[in-house]
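Let's go through this one together, feature by feature. Have the sequence and the model open side by side.

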Amino acid sequence: MSKAPELSPQPRFAYAGSGVERAAERRGDEAAIAALEGDGRAGFYAVGGEAVVLKKREETADPLFSSAEARALGEARETVFLGLIGEAPRFGVGLDPAAVEGLKAREDLKLVDLRTIALQGIVAAEHLPPLAEAKAILGWHAHHRFCPICGAPTRLAQAGWRRDCPSCKAEHFPRTDPVVIMLPVASERCVLGRSPRFPKTMWSALAGFIEPGESIEEAVRREVREEVGLDCARVSYFASQPWPFPTSLMIGCHAEALTDQIVIDKSELEEARWFGREELRLMLTRSHPERLTTPPPLAIAHHIICAFVEKGGDVLR
């Protein structure tokens, strides 16, 4: 019997599996951080809004800049210490929007959003996790320049991992938004949905933000009930994926569906229906007769679906 095609190629997810040692104990030592910035092995990732700045190369682009190269890109709003790869320091530089606009004319550079970088393999895979870290933390800074308690301007602290209010002395820390992404499963079938923003042929797992005071399991059951009207019992954790759009953590699960009748929330989904394992296998391998597809391997949804195709109802064990 021939072996089934590999459905879950490595690396499993984009933006996960970071090689960065965050070295959080160094963040409060300004002299140590300054020394790391001046280290000849230091590398800087430059981000301006949704754009990542890359150096053009014949094959994969290079996202790392030296300290001098990073300064030459233009005014930096923040510089954040990301951590160490081996002994090499890594930093994220948040560029002023005017500086980013000025870089568009440079022939030695290209500006690309992080999702496209991962989807098209524009940089080497090991750069994706620190780029996600840089984009998420710099995006947080861009939206937290004023104290939510008293309204005063805040200032960067702890090498970029805190903002302090000089007026009311409040300390503000970056947050990650937890999102459940799940597959309701009943024996040999599961439910996929289609958002209006998806390509017309793509179907994916259901997803939604975890609400305050809610466990992962409770959020899975609530979101499935709200989006497709199904009741669920057991919830099995699969894996998680950082998703820096802007600062989410995708928590992948499979859920035991107890009911069968789908009732779609049209404000969330355009369509939803049951799929069998063999039809899903065709979708994953891009051989479905109607050209139906699943999300690409960079997304955790792809691998949640793969696990069900490979194991069926056993994914709930």
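Q: Is glutamate 211 buried, partly exposed or exposed, and what is its relative accessibility?

A: Before that, some ground rules: this is a predicted model, where local features need pLDDT of at least 70, side-chain atom pairs count only at pLDDT 80 or more, and totals for chains, interfaces and linings use all residues. Residues are numbered from 1 along each chain as its sequence is written, and side-chain values use heavy atoms, with hydrogens and water left out. Buried means under 20% relative accessible area, exposed over 50%, and partly exposed in between, using a 1.4 Å probe and protein chains only. Glutamate 211 comes out at 44%, so it counts as partly exposed.

Q: What does glutamate 211 meet in a salt bridge?

A: Side chains of opposite charge can pair when their charged atoms come close. The rule here asks for a side-chain nitrogen of Lys or Arg within 4 Å of a carboxyl oxygen of Asp or Glu, and by that rule the count is 26 salt bridges. In one of them, glutamate 211 meets arginine 222 at 3.7 Å, N to O. That pair links distant parts of the chain, 11 residues apart: glutamate 211 sits in the loop between β12 (206-209) and α6 (216-228), and arginine 222 is in helix α6. Helices (H or I, at least four residues) and strands (E, at least two) are DSSP runs, numbered from the N terminus.

Q: Which other salt bridge does arginine 222 form?

A: Arginine 222 also pairs with glutamate 226, with the closest N and O atoms 3.2 Å apart. These two both lie in helix α6, four residues apart, which is about one turn of the helix. Arginine 222 is buried, at a relative accessible area of 9%, while glutamate 226 is partly exposed at 41%.

Q: Where do the partners of the salt bridge between glutamate 256 and arginine 234 lie?

A: The closest N and O atoms of glutamate 256 and arginine 234 are 3.2 Å apart. Glutamate 256 belongs to strand β14 and arginine 234 to strand β13, so the pair ties together parts that are 22 residues apart in sequence. Arginine 234 is partly exposed, at 43%.

Q: In which sense do β13 and β14 pair?

A: Strands of a sheet pair through backbone hydrogen bonds, either parallel or antiparallel. Two strands count as paired if DSSP finds at least two bridges between them. Strands β13 (232-243) and β14 (248-257) pair in the antiparallel sense over nine bridges, and a hairpin joins them through four residues. Look for glutamine 241, which stands opposite methionine 250.

Q: What is the strand order in the open sheet of three strands?

A: The order is β7-β8-β9, with antiparallel pairing. Strands β7 (155-157) and β9 (171-172) stand at the edges, each with a single partner strand, so one side of each has no neighbour in the sheet. Three bridges join β7 to β8 (162-164), with alanine 157 opposite arginine 162.

Q: How many disulfides are there?

A: A disulfide is a covalent bond between the sulfur atoms of two cysteines. The cut-off is a pair of cysteine sulfur atoms within 2.5 Å, and this structure has zero. For cysteine 168, the nearest cysteine sulfur, that of cysteine 165, is 3.6 Å away.
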